[in-house]
Amino acid sequence: MIRQDVAEPVARSTPEPLTEPAAEPLARSTPEPLTELATEPLARSTPEPLTEPATEPLARSTPEPVTQPGTRSIAEPAGEPFATPVVRSTTEPFAEPVARSTAEPVAGPRRPVAPGPAVPAAGGTPALASRLDRADSEVIAAFAGWAAGTGPLHRRLATGIRRAIENGALLPGERLPAERRLAGALRLSRTTVVTAYETLRGAGLIESRQGSGTRVADGPPPRPARLAGRIPGGSATEIFEHLIDGPSELISLSCSAEGAVPELRTALRELARGDLTALLADPGYHPAGLPELRDEIAAHLTRGGLPTAPGQILVTTGAQQALVLVAELYLRPGLAVLAETPSWPSSLDIFRSRHAGIRTVPLDGEGADAVAVAAALAAAPPALIHLMPTYHNPTGVLMSAARRRRIAEIAARHDVPIMEDNAYDAHTAGDGIPAPLAAYAPRGAEVLSVGSLAKSVWAGLRIGWVRGPAGVIGRLARRKALADVGSPVLDQALAARLLPRLPEIGAAQAPARETRLDLVERLLRDRIPGWRWRRPDGGTGLWVELPGVRAAEFAQVALRHGVEVVPGGTTDPHGGHQNFIRVPYTFPPEVIGRLVDRLAAAWVEISRHGPIDPGPDALIR
């Protein structure tokens with residue numbers, strides 16, 4: 001985020017006498033958890049310099065675009081284009097600013113603000129004021145699941161906004177979209193939005209004032225966004241919201257996971273009959289991982305073409321923790337990470353949480369574009385490269401062996417470390433899968449290989465790993481020890497029994513996956529013939545292009561038909577891929593049938609009404 005000097009709240013344009021009690025707006029303008037302001041603001045007609053800059057509120061502000069060199073998406077090079085929609089990058093060279101955060105020191109003392117109109121509950125600091133005036137799309141994301149309830153649409157919308165206010169996703173004083181704009185974004189009639197706002201105003205939750213629009217009503221000091229479990233500018237929280245809320249009739253496309261493989265039950269029984277007594281006699285603290293599991297992971301990678309010693313392995317609580325630890329080690333405010341576009345929102349949010357700039361390169365049929373990677377590193381080497389070479393999520397593209405070698409050589413030449421995320425490595429039978437990218441790296445190159453059992457065995461078995469140079473693994477292990485001391489020992493013991501069986505587990509599961517993929521493709525072609533996609537090389541979903549419709553608009557209609565869609569724009573930090581969605585095929589066949597029925601009904605509805613028209617007469621009633 002761009003740091004600013006802390007300024008006096010705009011509501012204090014004329015100081016009041018000291019004997020006067022502070023007016024209500026002034027009391028609201030200095031929320032304690034967010035900043036430290038002068039304790040006697042009314043006694044000072046001229047702001048005095050602070051001896052120490054206020055850093056806490058600035059670290060929490062919403063990231064703003066910066067026009068710093070080297071933070072744009074690298075253009076797709078001239079040459080033979082990838083023939084399907086999955087690889088077409090929608091970002092133009094250096095055309096879009098990156099929404100990134102940079103924590104730079106405050107340059108000087110506080111400065112007075114020119115007198116202006118008071119803004120309710122938006123005082124305190126410029127950082128808080130910008131947080132309370134976010135873009136409409138960010139505000140709407142705070143109550144993204146509003147349509148999944150029951151009852152009239154206006155009641156569901158009011159309930160969704162109320163929950164966002166109660167859980168801290170919307171802060172006191174935060175500006176809400178104007179009625180007409182919200183109606184257009186949600187494909188509702190303006191009457192529906194007006195009725196929802198009136199309900200919330202009647203409950204004292206929002207208020208409207210001339211000149212400042214509709215805002216969340218004043219209340220207790222607002223909770224910071226991070227206490228609400230959200231990353232400023234991020235989108236992954238909404239993706240996982242349905243997991244937090246629990247089971248429902250909603251079919252969510254945000255999660256592509258299957259039930260446990262039968263081999264897990266067998267391994268559990270074997271563990272109970274055999275090694276459990278000795279295992280329980282152990283103290284149970286293994287920050288780097290259970291030695292037996294580290295041995296098995298090293299053997300698994302060696303069989304896959306990447307010679308590995310146990311000392312090069314750190315066991316993590318899932319691949320997600322591995323990404324977090326690596327980001328903590330390499331990224332800090334002001335640095336940049338180079339990622340593919342599209343990418344998965346949770347990965348992007350991890351980078352945003354480190355206040356790192358996110359630069360992107362497009363994909364083609366062989367994976368990340370090597371020419372674009374070379375250009376990005378030549379322009380300004382990032383602190384880290386993040387790639388998904390094996391069944392990229394969400395596109396399902398498998399990076400070729402030649403492309404892996406070329407990118408590894410380019411990164412080594414510029415001395416830039418790579419983190420390859422191979423969480424889908426064992427999800428499809430191993431025939432034709434190249435060795436991990438690290439196997440192609442020159443001697444001395446720094447490549448960290450992340451893996452997991454979530455897709456190949458069961459998402460509930462929270463076991464992942466990082467493979468890398470022994471010195472780097474030691475530093476990551478110390479960070480993990482601070483996080484959780486070590487991953488669950490019983491889970492690790494199960495994983496150690498399952499890893500040697502991964503090839504046979506993959507081979508046994510492949511036919512069922514292929515059958516489900518064939519089914520969803522056939523149903524989509526029959527019911528929604530206008531949709532376009534490329535058959536994935538592997539992974540768990542289709543990357544589908546919606547012709548002539550923004551995915552965010554379709555998501556609002558689909559939600560009312562019982563389907564939670566992840567718009568493609570959440571996978572691109574620069575706002576590209578706006579007309580793509582991911583359609584997982586991990587559901588049972590009967591659920592896939594219901595899913596396509598609901599998607600088809602939503603598509604008919606949005607096609608009948610056409611693109612959004614700002615006028616209320618063109619909107620869905």
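Helix α20 is mostly covered, with nine of its ten residues buried. The model described here is predicted. The buried residues of α20 are A551, E553, F554, A555, Q556, V557, A558, L559 and R560. They pack against several elements. Among the partners are the helices α4 (136–141), α5 (153–166) and α6 (179–186). The strands β16 (563–564) and β17 and the helix α21 are also packed against. Just after α20, G562 takes a positive phi of about 90°.

Aromatic pairs were examined next. A search of the whole structure finds four of them. A pair of aromatic rings is described by the distance of the centres and the angle of the planes. W531 lies in the loop between α19 and β14 (532–533), while F554 belongs to helix α20 (residues 551–560). The pair therefore ties together parts that are 23 residues apart in sequence. Both residues are covered. W531 has a relative accessibility of 4%, so it counts as buried, the cut-off being under 20%. F554 is buried as well, with a relative accessible area of 0%. W531 and F554 also form one aromatic cluster with W603.

W543 sits in strand β15 (residues 541–545) and F580 in strand β17 (residues 580–584). This pair therefore ties together parts that are 37 residues apart in sequence. W543 counts as buried at 2% relative accessibility. F580 counts as buried at 1%.

The axes of helix α19 (residues 502–527) and helix α21 (residues 589–609) come within 10 Å. They cross at roughly 25°. Angles under 35 degrees count as roughly parallel, so α19 is roughly parallel to α21. The crossing of α19 past α21 is right-handed. On the α19 side, the contact is made by R516, L519, V520, L523, L524 and R527. On the α21 side, P589, I592, G593, V596, D597 and A600 take part. The residues of this contact divide into eight nonpolar, one polar and three charged.

Note on methods:
Residues are numbered from 1 along each chain as its sequence is written. This is a predicted model: local features need pLDDT of at least 70, side-chain atom pairs count only at pLDDT 80 or more; totals for chains, interfaces and linings use all residues. Side-chain values use heavy atoms; hydrogens and water are left out. Axes are lines fitted to C-alpha atoms, for helices over the stretch in contact, and angles run from 0 to 180 degrees between N-to-C directions. Helices (H or I, at least four residues) and strands (E, at least two) are DSSP runs, numbered from the N terminus. Angles under 35 degrees count as roughly parallel, over 145 as roughly antiparallel, 65 to 115 as roughly perpendicular and the rest as oblique. A crossing is left-handed if the near helix is turned anticlockwise from the far one by less than a right angle, and right-handed if clockwise. Contact means heavy atoms within 4.5 Å. Ala, Val, Leu, Ile, Met, Phe, Trp, Tyr, Cys and Pro count as nonpolar, Asp, Glu, Lys and Arg as charged, and the others, Gly among them, as polar. Rings of Phe, Tyr and Trp (its six-membered ring) pair if their centres lie within 6.5 Å; planes under 30 degrees apart count as stacked, over 60 as edge-to-face and the rest as tilted. Buried means under 20% relative accessible area, exposed over 50%, partly exposed in between (1.4 Å probe, protein chains only).
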